[in-house]
Amino acid sequence: MLINRYENYSSKYKFNNNSAANILSLPGLVIIRHSFTPFTKFFRKSLEEVSRRIIFAGLCDLAGVKQKQLKHKSDIMGLLDGKVAIVTGAARGIGKAIALKFASEGADVAFTDLVINEAAEETVKEIEAFGHKVKAYASNAADFEQTHEVVNQILADFGKIDILVNNAGITKDGLMLKMSEAQWDAVLNVNLKSAFNFIHACIPSMMRQKSGSIINMSSVVGVHGNASQCNYSASKAGLIALAKSIGQEMGRKGIRANSIAPGFIDTPMTQALPEDVRKQWIEKIPLRRGGTVEDIANVATFLASDMSSYVSGEVIQVDGGMNM
Ligand SMILES: NC(=O)c1ccc[n+]([C@@H]2O[C@H](COP(=O)([O-])OP(=O)(O)OC[C@H]3O[C@@H](n4cnc5c(N)ncnc54)[C@H](O)[C@@H]3O)[C@@H](O)[C@H]2O)c1
């Protein structure tokens, strides 16, 4: 029976030979590995693959899992299975990486950006490849009315919201003496007011379902400040205090709120800096490299998932040890 089922499952699944998760989920494979050592490398690998698939089919049989319920590998191992996430400003950069990682862990993803251009459509396609629902919405996160409209539309399209990532952000740097009111207002509106807008629009439905995880994308400069970034630093510090306040206010309703404080992350935002400035930043980092967008997406996935169900009001610095 197991061998017959192998045919059915093998057409639905692709197994990664190096995946620790596959090996962990199939402990019997370790025994089979050893028993095949006398064979040639090629032959042994083929047999391992067949064994792996037979054991997987067997486990599905034992667990009573119906084949038609399984659409993707993440359906049986995703940290965010069945959850719906909103990520703001996710057409590119850190937001895009978070949206992709969430989908790879089983979430349906709604994301916003100022415009849904070719890059955003490409992001939609990449997320779709994980086999989960995805939709992109053009919306200015700094606008209160637009935000409420888009959240209502997302609720109509997806049915619920479990995770909100307030990621949209901009910089307009300058020394205090030279900073214009417009520079200050633009950064505060896009970085901080946008998070107020989205939290305000999302919490009624999160309160009804008595659960929700809110993640504010802050920055290490929101914790430590930075010369020539008083507007940006103040907005990022505000995001931390906003998350802590929401965590206190909404904890009894099952809603958690945390912040991520990325350090120097390699994205279009930091690629725009002069090469010598980039070098100076990297020299200050104990791990001697800029962060990747995936480094941030991994921490966001932890905070979004039930793995962090007792974590609220926290700020996680993801900065290669720059500010320990
Ligand atoms: N890159 C870094 O090193 C770094 C470090 C610390 C914090 N951050 C924060 O991480 C977040 C993402 O940064 P990134 O480097 O990916 O930036 P990015 O510029 O690559 O991406 C930001 C996205 O937000 C969108 N956006 C801007 N204004 C918007 C608005 N009003 N409404 C909706 N979308 C809007 C942009 O169109 C863009 O797609 C930002 O909040 C940023 O401040 C980045």
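Guide: Let's go with β6, residues 255-262, which runs parallel to β7 and is joined to it by four bridges. Strands here are DSSP runs of E with at least two residues, helices are H or I runs of at least four, and both are numbered from the N terminus; two strands count as paired if DSSP finds at least two bridges between them. Bear in mind that this is a predicted model, where local features need pLDDT of at least 70, side-chain atom pairs count only at pLDDT 80 or more, and totals for chains, interfaces and linings use all residues. Numbering starts from 1 along each chain as its sequence is written.

On the β7 side, P262 has V318 as its bridge partner.

Now the burial: eight of the eight residues in β6 are buried, meaning 20 or more other C-beta atoms (placed from the backbone) within 10 Å of their own; 12 or fewer would be exposed, and in between partly exposed. In a regular strand, side chains alternate between the two faces of the sheet. Both faces of β6 are covered, with I255, A257, S259 and A261 buried on one side and R256, N258, I260 and P262 on the other.

Helix α9 (residues 181-209) lies across β4, β5 and β6, at about 175 degrees to β4; angles run from 0 to 180 degrees between N-to-C directions of axes fitted to C-alpha atoms, for helices over the stretch in contact.

Methods:
Contact = placed C-beta atoms within 7 Å.
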